[in-house]
Amino acid sequence: MDGFDLLVINGLVVTASDTANYDIAIKDGKIALLAPPGVLGKESAKRVIDAEGGYVMPGGVDTHVHLEEPALFGGKGRSSDTFETGTRSSVCGGTTTIVAFAPQAKTIPSLLAVLEDTHARAKDNCYTDYSFHMLVGHPGEQALSEFPRLRELGISSLKIYMTYEALQLRDDQILDILLASRREGITTMIHAENGDVLNWMTRKLEERGLYAPKYHATSRPQIVETEATNRAIALAELMDAPILVVHVSSPSAAAHLRTAQTRGLPVYAETCPQYLFLTRADLDRPDFEGAKCVCSPPPRESAADHDAIWLGLANGTFTVLSSDHCPFMYEDREQGKKSILSDAFPEGRFSGIPNGCPGIETRLALTLSANRLPLQKFVEVTSTNAARLYGLYPTKGTILPGVSDADLTIWYPPGRLGSFKLTNSMLHHNVDYTPFEGVELNQWPRWTILRGQVVWDRDGGGLVGKKGYGQFVRRGKSTLPGPRKSGDWDVSVF
Ligand code: URP
Ligand code: ZN
Ligand code: ZN
């Protein structure tokens with residue numbers, strides 16, 4: 001067979017299920033063939049990429065990304081990456097598909113209007129393929145009635161919050177959403193922190209003059225996350241609805257998730273590099289620099305907490321490892337400082353800092369360089385499972401001939417790059433820092449390929465993709481196990 005557009009030769013092909021030496025042939029944006037090395041002649045394709053023994057993996061899928069969002073997460077400002085700059089940064093870090101949020105504020109009754117507005121922002125601006133989760137802030141009658149139409153439009157997931165003044169839902173509102181989501185085959189992502197408790201703790205800390213960024217962690221101890229996680233699981237079990245608990249930081253919350261999973265409940269979990277590489281000590285960096293690491297839940301205490309989260313990735317408690325890319329310029333984070341700066345409190349005020357860290361470009365290299373996951377598990381949690389859970393599989397998240405889009409991340413041969421330090425100057429996001437500055441790396445994507453087109457060529461021009469090449473992807477239902485009646489009640493009665 002000949003007439004391929006691209007051959008990727010001499011790679012070690014790693015998917016969630018297999019690791020083997022194959023050459024990959026690509027035609028019309030799709031994976032056409034996998035063949036033993038050397039079987040497909042170089043002359044059979046218009047272009048040949050020699051991976052020289054580097055890993056060839058399905059393109060990264062990052063399903064937790066905030067772009068162009070108003071600061072609904074405390075503080076002021078707007079997430080500083082647009083769809084253009086955020087997806088640009090994404091391909092440079094090996095991620096070919098993102099799912100960003102379409103945020104519904106409490107004042108807006110219609111989700112469809114929010115979706116239309118978010119489409120307009122993304123259209124013709126993206127370097128990656130993309131979709132949206134609805135971020136539901138106002139689950140009124142109108143919003144709930146729009147769920148079937150959202151499914152027709154290819155949206156099969158939403159996110160809700162148990163915290164943040166602008167977004168926090170009551171338990172009865174969460175039940176409304178879970179019931180409607182279950183009916184339509186929508187997966188509900190839940191930010192599980194007890195907002196009432198952490199607001200109370202914040203007030204108490206501030207009454208005592210404890211304003212510095214490090215007190216962000218004091219205001220949100222693990223039990224704040226653990227209680228909410230447990231409650232989220234109970235509400236989901238009551239409604240027999242699949243959930244994913246997002247950005248889990250706490251080993252004790254992870255233990256509750258694991259217990260639910262071993263009971264066979266469709267309870268999924270996500271963690272992020274923040275909870276593998278940052279600790280509470282990072283919130284205490286001098287000169288208010290700790291503000292760069294303020295996210296919720298907060299980075300936890302120690303290496304032992306990191307170890308527990310790595311273990312949860314390895315043993316399947318965590319379904320996905322996302323970035324939770326939520327970028328704010330440092331000057332926006334300094335609002336916390338400006339809002340309180342005085343002789344009495346020169347260290348600034350943590351509750352005025354918008355929450356969230358940038359990380360869309362660093363997620364894959366940080367995690368692979370740490371060398372703490374088997375390669376297939378790395379692919380599973382950074383690409384395949386996200387595609388499965390959010391209805392993108394097997395078009396995305398794997399390398400299946402005749403079926404999958406030709407989305408590939410090709411790494412350097414192991415050892416080729418040596419050891420080097422991550423710096424913000426290497427990155428392509430619109431943020432003036434990375435919280436991971438100085439972390440030691442030994443890998444970076446050498447090429448990123450999206451639907452057969454090279455969009456990142458680190459040694460041959462860097463960013464070579466074109467803005468607007470990224471397409472909206474209509475998503476179907478999750479292909480991971482769904483509702484499964486577990487209790488002595490019948491949800492259909494509701
Ligand atoms: O602190 C965080 N995680 N900020 C981003 C918003 C969110 O809750 O995901
Ligand atoms: Zn969240
Ligand atoms: Zn987030």
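Visitor: What makes the approach of D324 to ligand 1 a polar contact?

Guide: A polar side-chain atom of D324 lies 2.7 Å from a nitrogen atom of ligand 1. A polar contact is a pair of N or O atoms within 3.5 Å (within protein, one must be able to donate a hydrogen and the other to accept it, and residues adjacent in sequence count only if both atoms are side-chain atoms), so the D324 pair at 2.7 Å qualifies. The model is predicted, with local features needing pLDDT of at least 70, side-chain atom pairs counting only at pLDDT 80 or more, and totals for chains, interfaces and linings using all residues; side-chain values use heavy atoms, with hydrogens and water left out. Residues are numbered from 1 along each chain as its sequence is written, while chains are lettered from A and ligands numbered from 1 in the order in which they are written.

Visitor: What is the order of the eight strands in the open sheet?

Guide: The order is β6-β7-β8-β9-β10-β11-β12-β13, with parallel pairing. The edges are β6 (60-65) and β13 (320-321), each of which pairs on one side only.

Visitor: Which strands does helix α2 lie across?

Guide: Helix α2 (residues 111-122) lies across β7 (95-103) and β8 (129-135), running at about 150° to β8; such angles, from 0 to 180 degrees, are taken between N-to-C directions of lines fitted to C-alpha atoms, for helices over the stretch in contact.

Visitor: What makes β1 and β2 a hairpin?

Guide: These two strands have four residues between them, and seven bridges join β1 (residues 4-14) to β2 (residues 19-27) in an antiparallel arrangement; V13 has A20 as its bridge partner in β2. The β2 and β3 (residues 30-35) pairing is antiparallel over five bridges, with D23 opposite A35.

Visitor: Why does E380 count as buried?

Guide: Buried means under 20% relative accessible area, exposed over 50%, and partly exposed in between (1.4 Å probe, protein chains only); E380 has 19% relative accessibility, so it counts as buried. E380 is found in helix α15 (residues 375-389), and its side chain makes a polar contact of 2.9 Å with the side chain of K377. Beyond neighbours within four places in sequence, E380 is in contact (heavy atoms within 4.5 Å) with A16, T319, N385, A386 and R388.

Visitor: And why does T279 count as buried?

Guide: T279 has 17% relative accessibility, and therefore counts as buried. T279 sits in the loop between α10 (274-277) and α11 (303-315), where T279 touches P299, R300, E301, S302 and H306, not counting residues up to four places away in sequence.

Visitor: Why is helix α14 called largely enclosed by the rest of the structure?

Guide: Seven of the eight residues of α14 (residues 363-370) are buried, so the helix is largely enclosed; the buried ones are R363, L364, A365, L366, T367, L368 and S369. Just after α14, N371 takes a positive phi of about 55°.

Visitor: How do you know that helix α1 is mostly covered?

Guide: In α1 (residues 83-92), eight of ten residues are buried, and the buried residues pack against β7, α2, β8, β17 (445-450), β18 (453-457) and β19 (462-463).

Visitor: Which residues have the most contacts inside the largest nonpolar core?

Guide: They are F132, M134, L158, I160, I243 and L313, in a core of 58 residues. A nonpolar core is a set of buried Ala, Val, Leu, Ile, Met, Phe, Trp, Tyr and Cys residues joined through side-chain atoms within 4.5 Å. Helix α8 (residues 222-239) gives this core its largest share, six residues. Apart from it lies another core of 39 residues, including M57, F378, F420 and L450.

Key: Two strands pair if DSSP finds at least two bridges between them.
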